[in-house]
Amino acid sequence: MRPTITAFANSPDEGAGQARDMRLRWAFEEVGLPYDVRLVSFREMKQPAHLALHPFGQIPTYEEGNLALFESGTIILHVAERNPGLLPDDANGRARAIMWIFAALSTVEPPIVEYDQADLVERDKPWFGQRLPMLQERIRVRLGQLSAHLGDADWLDGDFSAGDLMMVTVLRRLHGSGLIEEFPNIAAYVARGEARPAYSRAFAAQLAVFTAASSD
Ligand code: GTB
């Protein structure tokens, strides 16, 4: 059944593909699953109809028949488990790919989001000058560890998997910070993900939303 996801009607990133619908779109493209998108405004996201789908009033959501899901990690896992292409066939390989989804979301993403948020809303605060280097250093620690694990491999564990898809989308949020470039194998890893045809199709689809909205 063709799923419907929600995405920002007006993404603050102006089509840079940083909102979390991008990871869902990429997963759909990787497995060749057609999908529909319902665009929601910030106001609509806080209204009862959307809150019934997402109790925290956010995007993305996923609807498929009588199933409604929120949390991008859950949705990626749901799609990857039901469609070939994003998880290895062997049980141990699948478990490790899922481990990397969780690692991306619960170990790598939090310091990146904290840094991003501080950069966005704390720039005029007196503590910003001291806090920013501390937040950057936390990210460097994680990137250094990830870089050591990755070494000269193309992907985190064998072939490209949903774990790589999630990790690349998480790391992309550092574009413009200069931090990824400090770790050449991580920079190459992110570029490798972004070079996948499925990624390009997903990126173009979310960019088209911004282009259409800005020409209104
Ligand atoms: N844990 C949830 C998940 O993984 O699905 C987090 C969902 C989430 O943070 N959604 C954000 C949202 O709806 C959009 S993606 N925010 C509105 C709100 O909370 O009211 C986060 C995001 C938004 C914008 C940018 N950007 O502009 O660069 C980047 C990332």
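Reply: Start with residue classes: Ala, Val, Leu, Ile, Met, Phe, Trp, Tyr, Cys and Pro count as nonpolar, Asp, Glu, Lys and Arg as charged, and the others, Gly among them, as polar. By that scheme the lining of the largest cavity has 7 nonpolar, 4 polar and 3 charged residues. The model is predicted, so local features need pLDDT of at least 70, side-chain atom pairs count only at pLDDT 80 or more, and totals for chains, interfaces and linings use all residues. Residues are numbered from 1 along each chain as its sequence is written, and side-chain values use heavy atoms, with hydrogens and water left out.

Me: What makes a space a cavity, and what makes it a pocket?
Reply: The work is done on a 1 Å grid over the protein atoms alone. A cavity is a set of points where a 1.4 Å probe fits but cannot get out. A pocket is an open set with protein on both sides within 12 Å along at least five of seven lines. Lining residues have an atom within 4 Å of a point. Grid points are joined across faces, edges and corners, and a volume is the space filled by probe spheres set on the points.

Me: What lines the second largest cavity?
Reply: That cavity holds about 70 Å³ of space. Its lining includes Gly 17, Gln 18, Glu 109, Thr 169 and Arg 173. H1 and H7 each give two or more residues. H7 has the largest share, 3 residues. By class, the count is 3 nonpolar, 3 polar and 5 charged.

Me: Which residues lie nearest the centre of the largest pocket?
Reply: Gln 18, Ala 19, Arg 20, Asp 116 and Arg 173, out of 38 lining residues. The pocket contains about 980 Å³ of space. Helices H2 (42–45), H4 (72–82) and H5 (91–121) each supply at least two lining residues. H5 gives the largest share, 11 residues. The lining divides into 17 nonpolar, 12 polar and 9 charged residues.

Me: Why is Phe 8 called buried?
Reply: Buried means under 20% relative accessible area, exposed over 50%, partly exposed in between (1.4 Å probe, protein chains only). Phe 8 has 16% relative accessibility, so Phe 8 counts as buried. Phe 8 sits in strand E1. Contact means heavy atoms within 4.5 Å. Beyond its neighbours within four places in sequence, Phe 8 has contacts that include Ala 19, Leu 39, Phe 42, Ile 59 and Val 209. Phe 8 and Arg 38 are 30 residues apart in sequence, with C-alpha atoms 8.6 Å apart.

Me: Is Gln 136 buried or exposed?
Reply: Its relative accessible area is 18%, so Gln 136 is buried. Gln 136 belongs to helix H6 (residues 128–150). Leaving out residues up to four places away in sequence, Gln 136 touches Tyr 115 and Leu 179.

Me: What makes Thr 211 partly exposed?
Reply: Its relative accessible area is 44%, so Thr 211 falls in the partly exposed class. Thr 211 is in helix H9. Its C-alpha atom lies 21 Å from that of Glu 44, 167 residues away along the chain.

Me: Which residues of H9 are buried?
Reply: Ala 198, Tyr 199, Ala 202, Gln 206 and Val 209. They cover an arc of only 115° around the axis, so they are on the same side of H9. The arc is that of the directions from the helix axis to the C-beta atoms. Their cover includes strands E1 (4–8) and E2 (36–40) and helices H1 (21–31), H7 (162–172) and H8 (184–194).

Me: What makes H1 mostly covered?
Reply: In H1, 10 of its 11 residues are buried. Among them are Asp 21, Arg 23, Trp 26 and Glu 30. Just after H1, Gly 32 takes a positive phi of about 70°.

Note on methods:
Helix = DSSP H or I, 4+ residues; strand = E, 2+ residues; numbered from the N terminus.
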